[in-house]
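Colleague: I am new to this one and would like to go through it with you. Could you put it on the screen?

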Amino acid sequence: MLILTELGQRLRQERENKGMSLEDLQKNTKIQKRYLIGIEEGNYDVMPGKFYVRAFIKQYCEAVGLNPDDIFDQYKTDIPTTQTDDIPQPLSRVRSRKEIPQNTKASKAADYLPTILVVAGVLVVGIIIWVIAQNIVSGRQEDQAANTEQTNNEVQQSEEQQASNEDQAAKEAAEKEAIEKEKAEKEKAAKEDEEKKDEEKEETKQAYREVQKSGRNGTYELSGTDEFKLEVSSTQADTWLDVKNGKGNSFYNAMLKNGETKEFDFTKESEVRVNIGFSPGVQLKINGQDVSLPFDANQQVRQVVTIKYEQEKAQ
């Protein structure tokens with residue numbers, strides 16, 4: 001378990017005082033959470049390079065409202081520097097031959113000294129270039145990781161937005177379907193009510209009233225309607241049927257077969273006479289409404305029905 005440094009404790013305290021979580025800080029600074037934790041714990045080994053330690057600490061300070069220069073000065077012992085280790089410098093001057101003891105080995109070493117210095121210089125330059133290259137590579141890797149994370153976040157947000165749009169579209173479609181269904185049901189109910197009212201109005205308006213009955217004859221008056229359509233049906237057996245108007249003109253004079261129906265339009269007639277030879281099983285309808293025969297068919301087999309009609313004038 002890592003022990004927080006004084007700098008790490010200070011930064012963490014400032015962050016918590018600001019009410020910021022590591023996720024909030026990561027969002028504000030664009031620094032990965034694991035690096036922020038490394039700063040707070042003083043675990044700088046997780047950083048891609050010493051240069052990023054100072055850069056990340058500076059961004060951390062700015063995000064929580066601290067002065068980076070004051071922090072670097074106050075906690076300089078806790079923060080690594082970006083300079084490379086000092087490299088031993090060559091001798092500042094070379095003694096003259098007169099100062100060098102005159103022996104063969106020393107003389108030969110003095111001869112090789114310029115070459116040694118050149119090689120050492122090349123090595124130093126190479127090391128510096130290598131360190132710089134490493135920092136550049138680490139920076140690119142960090143940028144690539146940040147870009148990848150940002151891209152993943154954008155893809156996730158896009159997918160979430162698309163899912164939200166699809167849910168909203170489905171909800172709107174369901175609501176539209178429900179509204180249309182409700183509208184259709186209301187229209188259907190209104191149409192049914194209107195038809196029912198028309199039927200009730202028609203039934204209430206049309207009147208079929210008995211005027212006189214005598215022997216096998218029954219007389220009725222039809223009123224309250226602007227049409228007179230008669231249906232005669234045989235449902236049990238064949239029957240002789242004779243249909244005439246008040247002037248004696250015949251409209252039908254023949255056998256009505258069992259299961260057969262005859263329809264007549266007497267709208268222009270003022271009186272109609274229907275002579276039924278076998279009334280059991282015979283059904284009369286006027287304008288689609290059932291009307292009864294004058295007498296009980298079991299007691300009066302042959303019946304004559306006279307219907308007087310006065311056409312209702314259009315309002």
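Colleague: Which backbone oxygen does the side chain of glutamine 303 reach?

Modeller: The side chain of glutamine 303 reaches the backbone oxygen of phenylalanine 295, at 3.0 Å. A polar contact is a pair of N or O atoms within 3.5 Å; within protein, one must be able to donate a hydrogen and the other to accept it, and residues adjacent in sequence count only if both atoms are side-chain atoms. Please note that this is a predicted model: local features need pLDDT of at least 70, side-chain atom pairs count only at pLDDT 80 or more, and totals for chains, interfaces and linings use all residues. Residues are numbered from 1 along each chain as its sequence is written, and side-chain values use heavy atoms, with hydrogens and water left out.

Colleague: Is glutamine 303 buried or exposed?

Modeller: Glutamine 303 is buried, with a relative accessible area of 0%. Buried means under 20% relative accessible area, exposed over 50%, and partly exposed in between (1.4 Å probe, protein chains only).

Colleague: And where does glutamine 303 lie?

Modeller: Glutamine 303 lies in strand 10, residues 303-309. Helices (H or I, at least four residues) and strands (E, at least two) are DSSP runs, numbered from the N terminus.

Colleague: Turning to the rings, what kind of aromatic pair do phenylalanine 228 and tyrosine 309 form?

Modeller: Phenylalanine 228 and tyrosine 309 form a tilted pair, 5.3 Å centre to centre with 50° between the planes. Rings of Phe, Tyr and Trp (its six-membered ring) pair if their centres lie within 6.5 Å; planes under 30 degrees apart count as stacked, over 60 as edge-to-face and the rest as tilted. Phenylalanine 228 is in the loop between strand 2 (217-223) and strand 3 (229-234), and tyrosine 309 is in strand 10, so the pair ties together parts 81 residues apart in sequence. Both phenylalanine 228 and tyrosine 309 are buried.

Colleague: Which residues form the aromatic cluster with them?

Modeller: The cluster consists of Phe228, Phe251, Tyr252, Phe264, Phe266 and Tyr309. Within it, phenylalanine 264 and phenylalanine 266 are stacked, at 5.5 Å centre to centre and 5° between the planes.

Colleague: Now helix 1. Which of its residues are buried?

Modeller: Leu7, Gly8, Leu11, Glu14 and Arg15 are buried in helix 1. Seen down the helix axis, they fall within an arc of 135° (taken from the directions from the axis to the C-beta atoms), so they line one face.

Colleague: What is on the face turned away from the buried side?

Modeller: That face of helix 1 carries the exposed residues Glu6 and Asn17.
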